[in-house]
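Here's a quick tour for anyone meeting this structure for the first time. Have a look at it below, then read on.

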Amino acid sequence: MNRLFLLLFVLGWIVQPVRAQEKELAFEHVFDDTFRPEGIQNVNWMRDSQYYTTLQRVNGDIEIRKYDILTGDYEVLLSTSDLKVPDRDKPIIIQDYQFSADESKLLVKTDIEAIWRRSTRENYFIYNFETGKTQKLTRSDQKQQYAQLSPSGEKAAFVQDNNLYWVDLETGEETDITTDGALNTIINGTTDWVYEEEFGFARAWYWSPDGSKIAFYRFDESDVKEFFMTEWKDLYPGLTRFKYPKAGEENSTVKIGVYDLEKDQTKWMDIGSENDQYIPRVNWTQDPDVLAIRRMNRLQNKQDLMLADVRTGQTEIIKTERSDAWIDVNDDLKFLENGREFVYTSEESGYNHIYLYDMEGEQIRQVTQGTWEVTNYLGFNENTGRFYYVSTEESPLQRHLYSIKRDGTGKKKLTEGSGWNEINMSPDYKYYIETFSTPTLPPQYTLHEINGKRLRTLEDNAELQQNLSEFQLPEKEFIEIPLKQATLNGYLLKPHDFDPDKKYPVLFYVYGGPGSQSVQKNYTSSHRSIWHRYLTAQGYIVASIDNRGTGGRGRAFEKQIYKQLGQYEVEDQIDAAEYLIREFDFIDEDRLGIWGWSYGGLMSSLVLARGSDLFGTAIAVAPVTSWRFYDTIYTERFMQTPQMNPEGYRRGSAMTYAHQMEGNYLLVHGMGDDNVHFQNTVEMVNRLVEAGVPFETMYYPNRNHGIYGGNTREHLFNMLNEFILEKL
């Protein structure tokens with residue numbers, strides 16, 4: 001009896017892990033937290049780099065915790081319950097914060113209200129660690145935007161109602177820097193819609209290094225045409241109106257001003273007599289009297305780097321970069337502490353690399369070089385003379401950290417493994433936090449010395465790893481597709497019980513836009529990626545191919561699509577599908593589908609129209625169906641204006657080929673999409689109806705480009721799922 005019991009116990013112990021491997025992926029897992037990793041969020045290094053702070057929610061309270069980076073011990077610096085001011089009837093929820101330079105004060109952001117993708121308005125409070133007192137930043141009852149403490153911490157500045165102000169924190173006295181701000185006309189200190197969306201910033205003012213001056217943008221939107229969206233919520237629908245310059249139309253006129261706090265005076269910088277141009281970035285040099293301004297022509301294939309004397313407004317061009325396609329804007333322009341040199345990244349050599357220049361704009365040297373890309377410039381340690389950067393040198397599918405001497409010698413690879421690294425470097429370059437993942441390994445957060453030595457693990461997501469091991473999950477099989485025009489990177493997700501003798505339907509996922517990458521060796525837990533895994537459990541193969549024009553592979557690979565968006569990329573997707581059919585007998589060539597969102601929605605629509613002999617099903621979510629409907633900065637960067645390139649616009653439009661569509665086609669759009677307007681889907685529907693092409697459509701009232709809120713995402717993916725299960 002005892003032997004039988006022991007045998008059963010041992011068998012049970014052996015079988016249990018096997019049963020754990022049999023857990024199947026359910027559709028509900030797309031939306032729950034089963035595959036969501038834990039992270040080290042919002043790390044803010046303290047000035048001595050021995051500590052960092054993060055926000056932590058604890059029992060309904062929110063704490064700012066100060067961690068010792070070597071031991072992991074922490075103390076609570078401040079919590080929501082510590083913040084109290086008279087006449088406020090609700091707690092000050094800490095949503096973001098900024099330390100003063102000496103870390104004696106804290107600027108707390110709360111009551112955040114989203115506007116567009118990056119823009120917000122909120123309330124601000126100042127907490128003084130020495131006195132333990134909290135004060136409201138301004139006397140106004142209205143919300144502000146983009147408040148920042150001065151370098152000394154004695155002042156702050158902010159935007160309100162399109163005007164810029166500064167406040168003396170000791171006296172509370174407020175001073176207006178501008179007074180002409182007006183809705184849909186004049187904007188000071190923040191950006192218009194198209195700069196925010198396409199140049200990637202919303203705060204458009206900057207303290208000088210010594211805090212004596214403020215540089216700021218002024219936008220005049222008077223000549224920009226207005227777009228509006230219907231708000232479906234009341235008995236009589238309302239309208240949201242905003243200035244949106246579509247391709248070929250008028251842009252805002254931009255000026256750069258520098259305000260002197262002591263003189264209470266603004267000087268305007270000379271950025272040239274041409275108004276039809278862009279100022280994608282301004283940066284203070286180490287000299288508080290010299291401002292760097294980057295100026296681009298409207299086609300964005302020429303960029304001037306100018307230095308402005310802020311006392312006179314006079315400017316001097318010290319460097320001009322030109323391209324036969326377009327120039328990408330980045331934040332890698334850094335002026336070194338020695339005051340004599342600056343760092344700049346450019347793809348002038350054919351790949352994005354680090355360059356060192358003197359203050360006259362003369363190139364000292366190209367620091368990095370090779371047939372690979374620097375994807376993230378992290379900084380230069382002037383004490384050791386070493387640069388730090390992340391690159392694709394190992395593979396376009398991976399990211400690794402390197403250091404190199406200023407003379408281009410002594411290059412060191414500091415990260416290991418075959419996967420994806422993200423780096424958070426301490427200000428003094430003594431430590432960094434590495435986030436490493438692979439398609440099967442969730443993010444591993446580790447602390448390292450600058451030489452690469454691992455000091456400790458901050459978060460290993462061990463519980464998630466165990467959870468993953470209990471599911472029947474597909475592995476990404478990375479492939480190369482040798483086409484005549486180029487070798488493309490891709491991956492396949494196959495069912496866990498894959499049988500090479502069977503035939504499988506294939507759903508392609510595509511984005512495919514300029515500089516993007518869908519094929520990466522990293523861990524993903526988005527709704528999309530979990531849904532793809534779920535589909536493999538239902539007997540589908542999911543494929544993704546990075547076509548020509550995507551990023552990580554140099555200028556020639558990316559920029560051959562210039563003036564021809566939607567042409568080479570679509571050819572590559574169709575040719576790749578033909579290649580996979582030839583190479584793999586397990587692909588059912590009668591059941592190929594494709595889906596994508598935004599640029600990917602355009603791609604899926606064009607693939608169905610131009611490749612309907614191969615593809616029988618397509619889903620387009622929030623697609624750009626005509627580049628004529630999209631904004632100036634993005635569209636003209638790649639396509640020039642419609643007036644200059646009418647044939648490119650015609651051939652790059654899904655509406656041009658609507659009459660060729662055959663098969664199953666689902667169009668989905670949010671009616672409150674300020675980015676890719678619902679107009680794109682409306683006009684596509686008109687063309688399909690005119691051509692007598694059957695299709696299905698779904699629209700989401702008031703939802704933006706992300707199509708979310710409440711139960712929206714579940715409804716959306718449930719619909720996409722049912723469509724694929726039925727049609728493919």
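Let's start with L507, which counts as buried because its relative accessibility is 1% (buried means under 20% relative accessible area, exposed over 50%, partly exposed in between, with a 1.4 Å probe and protein chains only). Keep in mind that this is a predicted model, where local features need pLDDT of at least 70, side-chain atom pairs count only at pLDDT 80 or more, and totals for chains, interfaces and linings use all residues. Residues are numbered from 1 along each chain as its sequence is written, and side-chain values use heavy atoms, with hydrogens and water left out.

**Around L507**
- You'll find L507 in strand 38, residues 504-509 (helices, H or I with at least four residues, and strands, E with at least two, are DSSP runs numbered from the N terminus).
- Beyond its neighbours within four places in sequence, L507 is in contact with residues including W531, L535, W595, I724 and L728 (contact means heavy atoms within 4.5 Å).
- E362 is 145 residues from L507 along the chain, and their C-alpha atoms are separated by 51 Å.

**Nonpolar cores**
- In soluble globular proteins, nonpolar side chains tend to be buried together.
- The largest nonpolar core here has 93 residues (a core is a set of buried Ala, Val, Leu, Ile, Met, Phe, Trp, Tyr and Cys residues joined through side-chain atoms within 4.5 Å).
- Y195, Y217, I256, I293, F508 and W627 have the most contacts inside that core.
- Take I256: leaving aside neighbours within four places in sequence, its contacts include F216, Y217, W268, L291 and I293.
- There's also a second, separate core of 37 residues, with F27, L464, I530 and I619 among them.

**Salt bridges**
- Side chains of opposite charge can pair when their charged atoms come close.
- The structure holds 37 salt bridges (a side-chain nitrogen of Lys or Arg within 4 Å of a carboxyl oxygen of Asp or Glu).
- One of them joins E103 and R47, with the closest N and O atoms 3.8 Å apart.
- That pair links distant parts of the chain, 56 residues apart: E103 sits in the loop between strand 5 (96-99) and strand 6 (105-114), and R47 in the loop between strand 1 (44-45) and strand 2 (51-58).
- R47 counts as exposed, at 57% relative accessibility.
- Another salt bridge pairs E696 with K727, where the closest N and O atoms are 3.4 Å apart.
- E696 lies in strand 43 (residues 696-700) and K727 in helix 11 (residues 712-727), so this pair ties together parts that are 31 residues apart in sequence.
- E696 is partly exposed, with a relative accessible area of 37%, and K727 is partly exposed at 26%.
- K213, D289, D309 and R311 belong to one network, joined by salt bridges that share partners.

**Around R456**
- R456 is part of strand 35, residues 454-459.
- Setting aside neighbours within four places in sequence, R456 is in contact with Y52, D68, I69, L70, T71, G72, T446 and L447.
- K484 is 28 residues from R456 in sequence, yet the two are 48 Å apart in space, C-alpha to C-alpha.
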